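Open the model in your viewer and keep the selection tool ready.

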Amino acid sequence: MCALKVKRLAFLTIVLTYFLIVFGGYVASSESGMGCGPEWPLCNGLVIPILEGDTLIEFAHRVIGAILGIMTTILYFSIQKLNPVRELDKVSKVLMLLLIIQILLGAAVVWMDLPAVVVSVHLIVAMLFLAALIWIWRNADEQRSLAVFGKDKSLQNKFNGLLVVTLLTLFLGAYIKHEAFGLSCGWLECANGFMPVSIPAMVQTGHRILAGVVAFYIFILTYLSFINKWGPGLQNRLMAASLLVLSQIIIGILTIISYIEISWAVLHLAFGTVLFAIVFEAGVFVSRSSRVINSGKITRYQKYFG
């Protein structure tokens with residue numbers, strides 16, 4: 001299979017992964033996570049259960065996950081047929097490892113009756129899985145340049161820091177949801193004040209502080225991209241991230257005001273996942289640009305980073 005077909009397969013797998021993550025949010029918000037009972041891989045003792053209510057929702061989530069597993073396996077072996085360079089080979093192996101971990105976590109979530117910490121880790125592993133797919137999608141056709149790394153890591157480090165804070169924000173958001181801490185604070189204050197006085201309120205406040213850090217970080221990077229003329233490619237990505245952050249703030253407020261209405265809660269996760277994907281892809285774009293510049297294919301550093 002040629003590199004172009006691998007890219008197409010990787011993109012389709014990204015789309016399905018995104019859908020599965022968002023659908024998983026719907027499963028959680030609709031409280032359908034135990035629709036198959038405390039059983040895995042069987043569902044209510046059956047391979048194919050009676051498809052109705054919570055069972056239909058949970059079983060559909062498992063079926064989509066199985067399809068994703070098959071597509072990921074096909075992608076992995078397709079990459080191996082390309083005789084990939086070390087970095088691509090390494091990421092494809094990491095992808096398969098994340099798939100195995102995610103399957104085991106999915107089983108543990110059911111067997112342990114939806115523990116908040118395990119469910120939250122389940123989401124973070126899904127995000128890392130999505131990130132690995134995005135990396136493969138962006139790099140599958142760059143066989144020669146992958147072996148060359150840029151010397152200037154400063155901008156890449158900024159994106160790495162942003163990704164870490166974003167993942168922590170997502171983890172706390174998932175933990176809050178599964179511990180039912182979502183209404184421990186109002187949309188603006190906690191317990192008629194701005195200082196949290198209970199553990200749930202502290203966790204909720206921590207999530208909001210991290211979200212604020214992410215927003216500030218993205219706004220600053222967007223501003224710097226125009227001041228330093230980092231180029232339209234990176235500027236457009238950061239502008240999209242800034243718009244998503246603003247949307248997330250509004251959706252987060254509406255989620256609280258609506259008393260965690262399912263549609264707003266799922267939309268909050270959907271936008272958060274897109275935000276993570278854009279930030280990670282922007283980091284990959286920076287990394288690719290640095291490699292190309294340092295390999296001599298582009299000699300003007302200013303073209304990308306100012």
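Buried means under 20% relative accessible area, exposed means over 50%, and partly exposed lies in between, with a 1.4 Å probe and protein chains only. This is a predicted model: local features need pLDDT of at least 70, side-chain atom pairs count only at pLDDT 80 or more, and totals for chains, interfaces and linings use all residues. Residues are numbered from 1 along each chain as its sequence is written, and side-chain values use heavy atoms, with hydrogens and water left out.

**Stop 1: the loop between helix 1 and helix 2**

Select Asn-44. Asn-44 sits in the loop between helix 1 and helix 2 (helices are DSSP runs of H or I, at least four residues, numbered from the N terminus). Its relative accessible area is 37%, so Asn-44 is partly exposed. Phi of Asn-44 is positive, near 55°, in a residue other than glycine.

Now pick Glu-31, in the loop between helix 1 and helix 2. Glu-31 is not a glycine, yet has a positive phi of about 55°. With a relative accessible area of 67%, Glu-31 is exposed.

Next, show Trp-40 and Pro-41. The peptide bond joining them is cis, with omega near 10°. Pro-41 lies in the loop between helix 1 (3–29) and helix 2.

**Stop 2: helix 2 and helix 3**

Select residues 53–81 (helix 2) and 86–111 (helix 3). They pack at about 160°, axes 10 Å apart. Helix 2 is therefore roughly antiparallel to helix 3 (the term covers angles over 145 degrees). Axes are lines fitted to C-alpha atoms over the stretch in contact, and angles run from 0 to 180 degrees between N-to-C directions.

Show the side chains. The contact residues divide into 8 nonpolar, 5 polar and 4 charged.

**Stop 3: helix 6 and helix 7**

Move to residues 199–227 (helix 6) and 232–257 (helix 7). Their angle is about 155°, with axes 9 Å apart. Helix 6 and helix 7 are therefore roughly antiparallel to each other.

**Stop 4: the whole chain**

Zoom out. How many helices and strands are there? The protein has 9 helices and 0 strands. Buried residues make up 50% of the 306 residues.

Terms used:
Helix = DSSP H or I, 4+ residues; strand = E, 2+ residues; numbered from the N terminus. Parallel < 35°, antiparallel > 145°, perpendicular 65-115°, else oblique. Nonpolar A, V, L, I, M, F, W, Y, C, P; charged D, E, K, R; others polar.
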